[in-house]
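The points are numbered and can be followed alongside the displayed chain.

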Amino acid sequence: CRFGKLHVLLSNYEEKRKDGMNGTEFFLKKNKIPAKNGIVIEPSVFQGVFTLRIGCGGRLAYEVKTTGKEAHSSVPSKGINAIYKMQEVIQSIRSIKPAKAAVHGNKLEAEFSVNKISGGRATNIIPGECTATVERRIIPGEDIKKLRKRIEPKLKGSEYTITREQSPYLIDPKEKIVGSVRNIMKTVIGYEPKLKVTPARTDS
C-alpha cells in the first residue's frame, strides 16, 4: 500500500471494556501505534440503503441531584420532598427550545431531555434525595460552551456534574478521503452512497 501500513481491527468490546477503554483504544495502546486519523467502518444503513456518514452529533450530559429532608409520610410538613424539587428543575429544563438545522441536506433536531430519574428509599418516607440524568445531543455547528450557558442556569436549586462532553464533527464533503471512500463503496455495493449527517454518535 503506497500510503503505508494498513491495520485491520475486528474488535470485541467496541462500546466499552471493563477498564473504561473501548476496543480500538486498547488495541492502539497495547501495540503502541501512534494513530492520528482513522476511518470508522460502522455500517450506516438508512431505510435499507448504505450511506457514507461524514458527520455526527456531540453529546452533553449531566447528573443532577436535588436534596430535601426526610420525614415520615404521615407528617409530610416536617420534610422537604426532593422529588418535588427535581420536578421544578425538570420544568425549567423543558422551557429550553429545541434546536433544528439542515446540514448538507440532512434535517437534524436536538433538545435537552431527562432520561433517568431516581429518588426516595421507602414508600412511607418523604424523599430526601433525588437524582436525574439530563442529556442533549449536539448538532454539528453548535457550540458546547453556549449550550452550557443555556442549561446550567436552569439547574438552579440542584447540584450537578457533567458526565459526558463530546463535540460533534463534520467532514467537508470536498475532502479527498470522502471522494475516495465514496468511490470504494460504489465499487463494492453497486451504487454511489448518499452523504449522511446524524445527531447520534457513531463508534468514533
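Which exposed residues does the face of α4 turned away from its buried side carry? The first point answers this, and it should be read with the reminder that this is a predicted model.

1. On the face of α4 turned away from its buried side, the exposed residues are K176, I184 and T187. On the other hand, V178, V181 and M185 of α4 are buried. As background, an α-helix has 3.6 residues a turn, so residues three or four places apart point the same way.

2. The cover over the buried residues of α4 includes β2 (49–56) and β12 (194–198). As for its length, helix α4 comprises the 14 residues 176–189, which at 1.5 Å a residue should span 20 Å, and this agrees with the 20 Å that separates its end C-alpha atoms. After α4 comes G190, which has a positive phi, near 95 degrees.

3. Elsewhere in the chain, four strands in the order β7-β9-β3-β10 form an open sheet with antiparallel pairing. At its edges are β7 (113–119) and β10 (159–166), each of which pairs on one side only. On average, and with direction ignored, neighbouring strands of this sheet are turned by 15 degrees against each other.

4. Within that sheet, ten bridges connect strand β3 (residues 58–67) with strand β9 (residues 129–138) in the antiparallel sense, and A61 stands opposite E135 in β9. Helix α2 (residues 82–94) packs on the sheet, where it touches β3, β7 and β9, and its direction makes about 145 degrees with that of β3. Helix α3 (residues 144–151) also packs on the sheet, touching β3, β9 and β10, and its direction makes about 25 degrees with that of β3.

5. A further pair to inspect is β5 and β6, which form a hairpin with two residues between them, and H104 in the turn has a positive phi of about 50 degrees. Strand β5 (residues 99–103) runs antiparallel to β6 and is joined to it by five bridges, with A99 standing opposite A110 in β6.

Note on methods. Residues numbered from 1 in each chain as written. Predicted model: local features only at pLDDT ≥ 70, side-chain atom pairs only at ≥ 80, totals over all residues. Heavy atoms only, no water. Pairing = 2+ DSSP bridges. Axes fitted to C-alpha atoms, helices over the stretch in contact; angles between N-to-C directions. Contact = heavy atoms within 4.5 Å. Expected span 1.5 Å × (residues − 1). Buried < 20%, exposed > 50% of the residue type's maximum accessible area, 1.4 Å probe, protein only.
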